[in-house]
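This note goes through the charged side-chain pairs one at a time. Please read the points alongside the coordinates.

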Amino acid sequence: MNLEDKTNEEIIAEAKNNGGFAKAVGLLYLKNKKYVCHIIYNFFGKPDMVEDLTQDVFINVQTNIEKYNPQRSKFKTWLFKITKNVCNGHLAVIKSRILPFYEFEYENCRAFPMPDEEIMEKERINMILKQADKLPNTLREALVEHFLQE
């Protein structure tokens, strides 16, 4: 019986009976590599990421193969979930590298007021000063003291 004739579930069952999970993962890799590569490529759309992430997927398969339960799901469903989790994990790493850069840029931009904000603030201050000049001296002094305390 050659590789194409065996189902994924049969390969795993034989490995459980014989205790040869390393060989089983190798066979599963040969049988399912294209499937995993296709999922990863569709997730990211970048061919340069496919090979590395495919290796990560099968490292996870090797680590968790003993936990696979054929009564709960088919092997391809289980493999899809592992592939999706590896892709999401890699996406989180990518976002963690990009997000601080944008936050940094945004904070630096907001450190300086926009030109129209400066003009509006100057106009507001001039308007307040003009109105304050119309107040009697005692009220004007109270107003100045109030703003100096802030």
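**Salt bridges in the model**

1. In this predicted model, the side chains of R124 and E121 form a salt bridge, with an N to O distance of 3.0 Å. Both residues belong to helix α5 (residues 115-133), and because they are three residues apart there, about one helical turn separates them. R124 is partly exposed, at 43% relative accessible area, and E121 is partly exposed as well, at 35%.

2. How many salt bridges does a search of the whole structure find? The count is three, the R124 and E121 pair being one of these.

3. A salt bridge also joins K33 and E51, whose closest N and O atoms lie 3.7 Å apart. The 3.7 Å distance counts because the cut-off is within 4 Å. K33 has a relative accessible area of 27% and is partly exposed; E51, at 34%, is also partly exposed.

4. K6 and E14 meet through their side chains in a salt bridge of 3.0 Å, N to O. Is K6 buried or exposed? K6 is buried, with 16% relative accessible area, since buried means under 20%.

How values were computed:
Residues numbered from 1 in each chain as written. Predicted model: local features only at pLDDT ≥ 70, side-chain atom pairs only at ≥ 80, totals over all residues. Heavy atoms only, no water. Buried < 20%, exposed > 50% of the residue type's maximum accessible area, 1.4 Å probe, protein only. Helix = DSSP H or I, 4+ residues; strand = E, 2+ residues; numbered from the N terminus.
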